[in-house]
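Here is a short briefing for a first look at this structure. It covers nonpolar cores, then aromatic rings.

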Amino acid sequence: MTTQPKDTGPATDDSFHVFDTTLRDGAQREGINLTVADKLAIARHLDEFGVSFIEGGWPGANPRDTEFFSRAQQEISFQHAQLVAFGATRRPGAKAADDLQVKALLDSGAPVVTLVAKSHDRHVELALRTTLEENLEMVRDTVSHLREHGRRVFVDCEHFFDGYRANPEYAKAVVRTAADAGADVVVLCDTNGGMLPAQIQAVVATVLADTGARLGIHAQDDTGCAVANTLAAVDAGATHVQCTANGYGERVGNANLFPVVAALELKYGMRVLPDGALAEMTRISHAIAEVVNLTPSTHQPYVGVSAFAHKAGLHASAIKVDPDLYQHIDPELVGNTMRMLVSDMAGRASVELKGKELGIDLSGDRELVGRVVERVKERELKGYSYEAADASFELLLRAELRGEEAGGAHAYFRTESWRAIVEDRPDGTHANEATVKLWVKGERIVATAEGNGPVNALDRAMRVGLERFYPPLAKLELVDYKVRILEGRHGTESTTRVLITTGDGTGEWSTVGVAENVIAASWQALEDAYTYGLLRAGVEPAE
């Protein structure tokens with residue numbers, strides 16, 4: 001297992017570029033609509049992470065991108081990255097000096113410009129409606145003009161690999177023209193995302209040998225190979241990789257920045273980020289997901305919450321001996337953590353490791369561990385799922401430690417009964433009312449509340465009844481609520497599983513309830529949520 005990247009030189013060395021295009025290409029993902037404030041926030045995260053270049057958008061193409069470049073240079077003090085403006089080569093039959101969109105690139109103030117250029121002969125003739133020679137002149141004229149004005153220039157050869165397949169000599173001529181005109185890097189783009197690693201590696205190696213240009217790679221993920229294609233290009237000699245945070249991008253996305261840089265640092269032994277930046281990768285990934293308002297992918301390599309999660313008892317037994325046996329890296333290198341999932345597949349090792357994770361040493365009590373394993377298997381057979389409900393599992397574990405039924409380990413309150421009523425009114429509206437009867441510190445409490453649904457009404461009634469005794473409950477907030485209908489005999493009589501996620505402003509936890517009635521299952525999950533919240537707050541049990 002790789003433990004630390006080798007020291008191959010400073011991360012600020014220009015010999016290798018990590019180029020991020022989240023703000024331009026990544027923003028084309030369906031469901032993402034970034035404001036200028038969003039783009040500024042993401043740019044700060046990317047700069048903190050230590051990428052070499054941040055492509056901010058296409059100034060002049062829309063007011064939002066134009067405003068971004070103006071504000072970014074005033075409001076962000078870039079520590080690691082250079083800001084890049086994206087645009088196209090000049091129009092056919094014109095001069096770069098007279099082209100308004102080329103002028104907008106200069107007016108953006110960005111020190112680096114990426115130009116997209118046609119490298120597929122059919123695209124030149126059908127999309128640009130010009131000659132192959134004129135296209136070369138458009139590349140030459142635009143690159144030269146920007147260089148004369150002190151800009152560093154990268155050229156993205158659009159549809160390069162398809163163009164190379166159709167007319168390799170012309171595709172290479174575009175690369176040579178760009179390099180000869182002063183482009184620092186010529187990026188070979190798999191715009192359709194249809195290439196495979198062996199094909200990428202062969203083409204990049206040939207183009208590098210035949211042109212001598214410094215090459216980069218831009219891979220879309222339509223075959224699911226964008227990260228592999230990017231690394232294959234590096235193997236062939238590319239020294240510039242274009243990626244997006246979390247793989248955001250048009251259609252199915254782009255090469256994912258985080259697996260690419262993790263592979264370069266931990267597998268290739270290259271230093272491409274500043275010292276200590278790799279350990280911030282999980283946090284940065286999730287922070288950017290929050291900005292774009294997309295739930296972080298739980299199964300994303302390196303940074304997903306499931307990336308180092310272990311469920312099978314066989315894995316747990318091996319990990320107990322040596323974590324390296326089932327983990328390709330130490331999760332802490334990328335700011336992640338190992339997690340043990342407790343399920344009906346759990347063995348003794350899984351429960352012991354999960355207990356250790358929760359701060360409970362079970363290693364000396366084989367009988368207790370055996371009881372917990374059997375209890376988990378018994379309850380999961382009924383529909384409970386503890387791998388997604390750590391808080392409920394901890395309450396079960398603590399109950400077994402005390403020799404009590406699950407839920408009784410920390411009896412802050414006892415439920416006598418509850419009821420929820422939904423009233424269908426003549427005007428088409430509904431009224432939801434709940435009453436709970438609880439015992440707290442020897443006192444019987446009856447509390448009633450209304451809500452925007454029966455579960456919300458129960459939640460409010462419970463608060464009404466308990467907050468007088470337990471003020472910390474005022475901080476609790478229901479964050480997420482999921483219902484799953486499990487297999488049953490007669491449709492509506494099927495068993496229901498409810499998962500509730502609760503937060504207190506400093507953290508979140510999940511609890512589970514199972515019953516034939518969705519409200520009853522919700523009540524179980526709410527009981528565990530409140531009990532765990534009080535346990536977490538350090539409140540002493542009432543009885």
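**Cores and rings**

The largest nonpolar core has 94 residues, and Phe160 and Met281 have the most contacts inside it. Helix α10 (residues 257–267) gives this core its largest share, eight residues. A second, separate core of 36 residues includes Tyr412, Val440, Trp509 and Tyr532. A nonpolar core is a set of buried Ala, Val, Leu, Ile, Met, Phe, Trp, Tyr and Cys residues joined through side-chain atoms within 4.5 Å. Buried means under 20% relative accessible area, exposed over 50%, partly exposed in between (1.4 Å probe, protein chains only).

This is a predicted model: local features need pLDDT of at least 70, side-chain atom pairs count only at pLDDT 80 or more, and totals for chains, interfaces and linings use all residues. Residues are numbered from 1 along each chain as its sequence is written, and side-chain values use heavy atoms, without hydrogens and water.

**Aromatic pairs**

- Eleven aromatic pairs are counted; rings of Phe, Tyr and Trp (its six-membered ring) pair if their centres lie within 6.5 Å, with planes under 30 degrees apart stacked, over 60 edge-to-face and the rest tilted.
- Phenylalanine 53 and phenylalanine 154 pair edge-to-face, at 5.1 Å centre to centre and 90 degrees between the planes.
- Phenylalanine 53 is buried at 1% relative accessible area, and phenylalanine 154 is buried at 0%.
- Tryptophan 58 and phenylalanine 86 also pair edge-to-face, at 5.2 Å and 75 degrees.
- Tryptophan 58 is partly exposed at 27%, whereas phenylalanine 86 is buried at 5%.
- Ring pairs join Phe19, Phe53 and Phe154 into a cluster.

Technical notes:
Helices (H or I, at least four residues) and strands (E, at least two) are DSSP runs, numbered from the N terminus.
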